[in-house]
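This report walks through one protein model for a reader who is meeting it here.

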Amino acid sequence: MIRKVRRLLIAVTGTMAALACTLALTGTTAAQAAPKPKPAPTGVDITGDKLDEPLRLRTDSRSAEVHLVIDQIKWLGTTGQLRGPAAADLGPKYTVVVHVAAGPQRTYDLFPLAKGGPRVYRPAKQPDRSNPRAGWFFGRLNMPETLRSVGVPMPAQFDTLAGGIGGGDRVLPEEALDPVGDLDTALGELQRLLLLNVGVVLVITAGLAGIALLVRRRTR
């Protein structure tokens, strides 16, 4: 009987050690997989049609306007279309340069009045030398009104306000479209589950140890 209990204790101890190793490896993998936080934008510069000089917006003085402009390009995917509309269908062009504390980071070409809807072009050559793949993207329908509201000389586009004919802003919040945040949440839940399992194993081990002591005393 004592030998059986000892074997059971050894098996449980091995399982507990395996779970502990799995937990440690999971924590290490999560730390390695977690991306470095992106530097927060400190401002944007806008140049283009009917702008005699760059429109410089900074978060310390015009934070709301900066975030409105950033919202037009922050959701773009990694791969866009290789070809955009014909040059005659693009309309006026506005170049947006996003700044961080270290200096210019990204640049985008916005075409708010393009036929078929606003378009965004991301060139491969970027100020931070990240060299993403160049591509064309469909822009938000409220791009014309957003640019006008921050100071770009454009005619008012009332049908592109939120809830208007053009559909306005996204219905889903940006947080719901964050795969990195979902991955971090899943890994956190996995870690908590493993910790719970280790705790259960420890309780079982302690119980078996107590049973083993009782059996040993009775068999003396």
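Two strands are said to pair if DSSP finds at least two bridges between them. The model is a predicted one, and the description below should be read with that in mind.

**The sheet**

Six strands form an open sheet in the order E2-E1-E3-E4-E5-E6, and the pairing is antiparallel. E2 and E6 stand at the edges with a single partner strand each, so one side of each is left without a neighbour in the sheet. Neighbouring strands are turned against each other by 25 degrees on average, with direction ignored.

Strand E1, residues 43-48, is joined to E3 by six bridges, and within that pairing Asp45 has Val97 of E3 as its bridge partner. On to strand E4, residues 103-111, E3 is linked by seven bridges, and E3 and E4 form a hairpin with two residues between them. Further along the sheet, E5 and E6 pair over four bridges. The table gathers these pairings.

| Strands | Bridges | Sense |
|---|---|---|
| E1 and E3 | six bridges | antiparallel |
| E3 and E4 | seven bridges | antiparallel |
| E5 and E6 | four bridges | antiparallel |

**Strand E3**

**The helices H2 and H3**

Helix H2 packs on the sheet, where it touches E1, E2 and E3, and its direction makes about 105 degrees with that of E2. Helix H3 also packs on the sheet, touching E1, E2, E3, E4 and E5, with a direction at about 125 degrees to that of E4.

H3 spans residues 143-150, and six of its eight residues are buried, so this helix is largely enclosed by the rest of the structure. The buried residues are Met143, Pro144, Glu145, Thr146, Leu147 and Val150, and what covers them includes E1, E2, H2, E3, E4 and E5. After H3 comes Gly151, whose phi is positive, near 125 degrees.

The two helices pack at an angle of about 155 degrees, with their axes 10 Å apart. Angles over 145 degrees count as roughly antiparallel, and H2 and H3 are therefore roughly antiparallel to each other. Their crossing is left-handed. In this packing, Arg62, Glu65, Leu68 and Val69 of H2 meet Thr146, Ser149 and Val150 of H3.

**The aromatic rings**

The count of aromatic pairs comes to two. In one of them, the rings of Tyr121 and Trp136 have their centres 4.9 Å apart and their planes at 45 degrees, so the pair is tilted. Tyr121 lies in strand E5 and Trp136 in strand E6, so the pair ties together parts that are 15 residues apart in sequence. With a relative accessible area of 24%, Tyr121 is partly exposed, whereas Trp136 counts as buried at 13% relative accessibility.

How values were computed
Residues are numbered from 1 along each chain as its sequence is written. This is a predicted model: local features need pLDDT of at least 70, side-chain atom pairs count only at pLDDT 80 or more; totals for chains, interfaces and linings use all residues. Side-chain values use heavy atoms; hydrogens and water are left out. Buried means under 20% relative accessible area, exposed over 50%, partly exposed in between (1.4 Å probe, protein chains only). Contact means heavy atoms within 4.5 Å. Rings of Phe, Tyr and Trp (its six-membered ring) pair if their centres lie within 6.5 Å; planes under 30 degrees apart count as stacked, over 60 as edge-to-face and the rest as tilted. Axes are lines fitted to C-alpha atoms, for helices over the stretch in contact, and angles run from 0 to 180 degrees between N-to-C directions. Angles under 35 degrees count as roughly parallel, over 145 as roughly antiparallel, 65 to 115 as roughly perpendicular and the rest as oblique. A crossing is left-handed if the near helix is turned anticlockwise from the far one by less than a right angle, and right-handed if clockwise.
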